[in-house]
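Thanks for making the time this morning. I would like to walk you through one model, so please have the sequence and the structure open.

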Amino acid sequence: MTTQTAQLAQYNRNAILSATPTQLVTMLYDRLVLDLKRAEAAQDEERWADAHEQLLHAQDIVAELSSSLKIEVWDGASGLFAIYVYVHQALVDANIHRNIARTREAIGLIEPLCASWHQAAQLIPAHGAVAAGGSLGVA
């Protein structure tokens, strides 16, 4: 690992450790969108190993988002959970069947959610973000 790579990794670790729950969710969504776009590009170019890696990481992120969702705290949580379940299955199908249409379907569902989380995060004052993260239904 080069010095620059190690420094970037440390910076990323620090950003994650110091993030509020709401910031963590937006970071997860940002990475999920990045993984999906990378998977789509790899599928389009028939780089199946790369697509597989990106889709697996995307599945892990969706699983994390699902497990951190507090269904009992927010009325809309069960609907969001259902979207996560659907997207996870789409990613599994995209990976197993090398189906770029399923990857694109997942992108179409996740991008608006990502944008919504970013908008919600901007509405929460920095000093109240930890408490508000819980009220948004995230752990």
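Let me begin with a term: a residue is called buried under 20% relative accessible area, exposed over 50%, and partly exposed in between, using a 1.4 Å probe and protein chains only. What you see is a predicted model, in which local features need pLDDT of at least 70 and side-chain atom pairs count only at pLDDT 80 or more, whereas totals for chains, interfaces and linings use all residues. Residues are numbered from 1 along each chain as its sequence is written, and side-chain values use heavy atoms, with hydrogens and water left out.

Valine 85 is partly exposed, at a relative accessible area of 45%, and sits in helix α4, residues 77–96; helices here are DSSP runs of H or I with at least four residues, and strands runs of E with at least two, numbered from the N terminus.

Turning to charges, the structure holds seven salt bridges, each a side-chain nitrogen of Lys or Arg within 4 Å of a carboxyl oxygen of Asp or Glu. One of them joins aspartate 35 to arginine 31, with the closest N and O atoms 2.7 Å apart, and because these two are four residues apart in helix α2, about one helical turn separates them. Aspartate 35 is buried at 0% relative accessibility, while arginine 31 is partly exposed at 34%.

Glutamate 40 and arginine 104 also form a salt bridge, at 2.7 Å from N to O. Since glutamate 40 lies in helix α2 and arginine 104 in helix α5 (residues 100–123), this pair ties together parts that are 64 residues apart in sequence.
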